[in-house]
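The model comes first, then the contacts.

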Amino acid sequence: MQNRELIAKVKLYEEERLSDKGELKRLKGDCSEMDKQRQGHVTELHAIKTQLAVLRQEQKESKNLVASLQDQLHTANTQKSKLENQIDIQHYQCVKLENTVRSVSEEVVKGNDIISKMQAEIKNYRSKLKMKHMQNVNQEKIIQELKS
């Protein structure tokens, strides 16, 4: 009975060994598959880390660009404010000059009126002088005729 039991045990162990061998083969296949997946995950992780580094660099560059644009905007606003102040000053100066030109123009018109009146008086005096000269010439002729 011992033989039969031993044979039965050997058969049982042989079946377990074959079963374990099949299980080992399956587990090795699973392990190999898991290694492939792990390698894929490692590759994917590396790609994600690289992409993350690129995105962080882009974010840094974007922040720098935003800061630069904000500085430029501030500078532009400052220049705009200065230019608006200059425009206000120049507008005031322009109004002041327009008033001066208007005043000078009025003085020129007055001066032209005075000149016109003086030219008319000169013309009138010349006419009177010419008349007096003519009278003097006529009187001298009469005196010459009377003397002769």
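## Salt bridges

K110 pairs with E107 in a salt bridge, with the closest N and O atoms 3.9 Å apart. The term means a side-chain nitrogen of Lys or Arg within 4 Å of a carboxyl oxygen of Asp or Glu. K110 and E107 sit 3 residues apart in helix α1, so about one helical turn separates them. Helices (H or I, at least four residues) are DSSP runs, numbered from the N terminus. E107 is partly exposed at 47% relative accessibility; that class lies between buried (under 20% relative accessible area) and exposed (over 50%), using a 1.4 Å probe and protein chains only.

Salt bridges with shared partners link E23, R26 and D30 into one network. Within it, D30 bonds to R26, the closest N and O atoms being 2.8 Å apart. D30 and R26 are 4 residues apart in helix α1, about one helical turn. D30 is partly exposed at 31%, and R26 is partly exposed at 43%.

R17 forms a salt bridge with E14, at 2.5 Å between the closest N and O atoms. They are 3 residues apart in helix α1 (residues 2-147). R17 is partly exposed at 42%; E14 is partly exposed at 35%. The count comes to 4 salt bridges.

## Cysteines

How many disulfides are there? The count is 0 disulfides, with a disulfide taken as a pair of cysteine sulfur atoms within 2.5 Å. C31 is partly exposed, at 42% relative accessible area. C94 is partly exposed too, at 37%.

## Basis

This is a predicted model: local features need pLDDT of at least 70, side-chain atom pairs count only at pLDDT 80 or more, and totals for chains, interfaces and linings use all residues. Residues are numbered from 1 along each chain as its sequence is written, and side-chain values use heavy atoms, leaving out hydrogens and water.

Methods
Helices (H or I, at least four residues) and strands (E, at least two) are DSSP runs, numbered from the N terminus.
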